[in-house]
Amino acid sequence: MTRLFVTTNRVRWVVEPAFAWLHQFKRLRTRFESRVDLHQGLLDLACSLICLRRLRTSF
């Protein structure tokens, strides 16, 4: 089931903010790694950093 939410008269998919947050990491914008496991590791690291930043601002 896909979910939508409304922000300032715009309907956006739930995953759009996540893609915008991940786009801040230059290494993930263009996939330089030829190995999938390295790219997955950088993606996991980026997601962890995003979660850490959101936790720091919420407390």
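Which helix does Leu42 lie in? Leu42 belongs to helix H3, which covers residues 36-58.

1. Basis of the note. This is a predicted model, in which local features need pLDDT of at least 70 and side-chain atom pairs count only at pLDDT 80 or more, while totals for chains, interfaces and linings use all residues. Residues are numbered from 1 along each chain as its sequence is written, and side-chain values use heavy atoms, with hydrogens and water left out.

2. Overall architecture. The protein chain contains three helices and two strands, arranged along the sequence in the pattern β-β-α-α-α. Helices here are DSSP runs of H or I with at least four residues, strands are runs of E with at least two, and both are numbered from the N terminus.

3. Burial and surface. Of the 59 residues in the protein chain, 14% count as buried, where buried means under 20% relative accessible area, exposed means over 50%, and partly exposed lies in between (1.4 Å probe, protein chains only). The protein chain exposes about 5400 Å², of which carbon and sulfur atoms supply 61%; accessible areas come from the Shrake-Rupley method with a 1.4 Å probe, and for residues only the protein chains shown count as cover.

4. Contacts along the chain. Among contacts in the protein chain with a separation of 6 or more, 25% are accounted for by residues 24 or more positions apart, a contact being heavy atoms within 4.5 Å.

5. The C-alpha atoms of Leu42 and Leu28 are 7.5 Å apart in space, although the two residues are 14 residues apart in sequence.

6. Cysteines. A search of the whole structure finds zero disulfides, a disulfide being a pair of cysteine sulfur atoms within 2.5 Å. Cys47 is in no disulfide, and the nearest cysteine sulfur, that of Cys51, is 6.8 Å away; Cys51 is likewise in no disulfide, its nearest cysteine sulfur being that of Cys47 at 6.8 Å. Cys47 is partly exposed, with a relative accessible area of 35%, and Cys51 is partly exposed, with a relative accessible area of 47%.
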